[in-house]
Amino acid sequence: MSDTEQKKRALILAGGGVKVAFQAGVLQVWLDEAGLTFDHADGASGGVFNLAMYCQGMTGTQIADNWRNVPPLLYADLNWEEYTKLFYAESLLKMDHFRENVFPRWKLDWDAIRASKREATFNVYNFSKQELEVLTPDMMSEDFLVAGVSLPMWFPPVTIHNDTYIDAVYITDANIEEAIRRGADELWVIWTVSERSVWRPGFVANYFQIIEATANGHFKRMVKRVEANNAALLQGNMGEFGRPIDLKILRSEVPLHYLLNISADRVQETVNLGVQAARQWCNTQGIQLANNAEHWAVDPTTLSFTEDMKGHISFGEMDYDQGMREGIQHATTLNVHLTITVDGVHHFVTDPQHDAAIEGYVECAALGGTLPVEKGRFNLFVDQGDPTIKKMLYHLYFYDRTGHPVTLSGFKLIRDDQRFDAWADTTTLFTRILAGHVELAEVEKAGVVASGIITIHLLDFLKQLTTFQSQAPTVAQKVEVLTEFGTFFLGKLWDVYGQKVLPYAPF
């Protein structure tokens, strides 16, 4: 292909169960903020939901909002009548509530989808004929859409024209071959199937690990074929596909279970995580974005609590532990008394950065005594690439006794060290004092004045529990604020320490 020829671009909406809520957030950015257009789109497994909305002509934001605005309890549907059959039950769940509650809320219009002018392909597996079927929008129906996500054992198969259909995930979770066959030269893939490769015992874990093995195995094999094709072309040979294929893959370990989730907050956070990841990805790819100012609904709720941490630091030391030890030897204490205020609790819970304001003071004789915090930010349970490792971030601006600006930058590292150490993880702040008022993004480059460790002691923690206050228009809403924050906090701890039960908390 010459440089003057237009590349044919394909959008690959891979599967991932309800993890594709993340995919919807990516579409908000790719379609609306980046203004990308695609000559072809393919959907498999859970990706067919987003593909149906895309074919109907919805914007990326509309697709994302559809996921944000449908509570999971509306599509939770247990197949109770089958349970008496025990091992011969048809399925554990049904798709009836999706048909009755979710599709109408998404405003799916099958006449509009079948009349779509967008070139697209939906993947389903015809079990009766033992073959993959690739359907264009004009062939689609509600039954075929449900069939496209009907995982065996979890959902019953769908009978259409006397044939039995199931999810295509065992054959493909991203039909790259079909996109190439239809002439695509540039494939934009959103991949949310987990690649952590941690084998867990138990039926539920085993089932989805088999899905991961199948989906990732097929996908990686296809990626290698594309790479081999491109390498052959560079050497002057024909290559399998006869032209260069440019793969653009946005991958993410999405902190949401494939199916077992009842939390609307988690789904909304997942959509917003997709938005955040897509913006970062576009930035690294040099893709310009339109104004992406967020428009959050007005949330009059607030939550505040106080926190006291005490410990030791050492000046001129980079290592946290060594700084603490030397600080103990020289009696160089560092104490902080902080009030953390969350403005808009629902926004806080569903925003991946979980950002709040900090007020209070820093107490350190070596720096000048009791020093007020001029400005402070707090980020709770921020993912570190792997959702099972999180950080609590503290970033405080203040001035020392001589009026020089300094920054206290600290983090609590939340991870599973093969023992239940949640108390130590959530109460230990690895702390540095930095020269100047340093932006959070510049912390690693800043000059370090001192390092050490400060902690929450048990009595201070018990006192902290009494300081939680919520503000909301009604008493019931005040209780809801505390419940929402508490559920969020416990759910994030589950993500780290409860993986053996279920990789991500269902609440």
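## Salt bridges

A salt bridge is defined here as a side-chain nitrogen of Lys or Arg within 4 Å of a carboxyl oxygen of Asp or Glu. The model is predicted, so local features need pLDDT of at least 70 and side-chain atom pairs count only at pLDDT 80 or more, while totals for chains, interfaces and linings use all residues. Residues are numbered from 1 along each chain as its sequence is written, and side-chain values use heavy atoms, with hydrogens and water left out.

Under the salt-bridge rule, the count is 31. One of these joins the side chains of aspartate 65 and arginine 68, at 2.7 Å from N to O. Both residues belong to helix α3 (residues 60-68), where they are three residues apart, about one turn of the helix; helices (H or I, at least four residues) and strands (E, at least two) are DSSP runs, numbered from the N terminus. Burial is classed by relative accessible area: buried is under 20%, exposed is over 50%, and partly exposed is in between (1.4 Å probe, protein chains only). Aspartate 65 is partly exposed, at 28%, whereas arginine 68 is buried, at 15%.

## Further ion pairs and a network

Arginine 99 and glutamate 142 form another salt bridge, with their closest N and O atoms 2.9 Å apart. This pair links distant parts of the chain, since arginine 99 lies in helix α4 (residues 96-106) and glutamate 142 in helix α6 (residues 142-147), 43 residues apart. Arginine 99 has a relative accessible area of 23% and is therefore partly exposed; glutamate 142, at 26%, is partly exposed.

In the salt bridge between lysine 445 and glutamate 442, the closest N and O atoms are 3.9 Å apart. Lysine 445 is exposed, with a relative accessible area of 69%, and glutamate 442 is partly exposed, at 37%. Salt bridges with shared partners also connect Lys8, Glu119, Glu178, Arg181 and Arg182 in one network.

## Threonine 121

Threonine 121 is located in strand β3 (residues 120-126). Its relative accessibility is 0%, so threonine 121 counts as buried. The side chain of threonine 121 makes a polar contact of 3.0 Å with that of histidine 40. A polar contact is a pair of N or O atoms within 3.5 Å; within protein, one must be able to donate a hydrogen and the other to accept it, and residues adjacent in sequence count only if both atoms are side-chain atoms.

Contact in general means heavy atoms within 4.5 Å. Not counting residues up to four places away in sequence, threonine 121 touches His40, Ala41, Asp42, Gly43, Leu51, Val134, Leu135, Glu178 and Arg182.

## Nonpolar cores

In soluble globular proteins, nonpolar side chains tend to be buried together. A nonpolar core is a set of buried Ala, Val, Leu, Ile, Met, Phe, Trp, Tyr and Cys residues joined through side-chain atoms within 4.5 Å. The largest such core has 94 residues, of which Trp30, Trp67, Trp106 and Leu145 touch the most other members. Helix α1 (residues 20-33) gives the most to this core, with nine residues.

Tryptophan 106 touches Phe49, Met53, Met58, Asn66, Trp67, Val70 and Phe98, not counting residues up to four places away in sequence.
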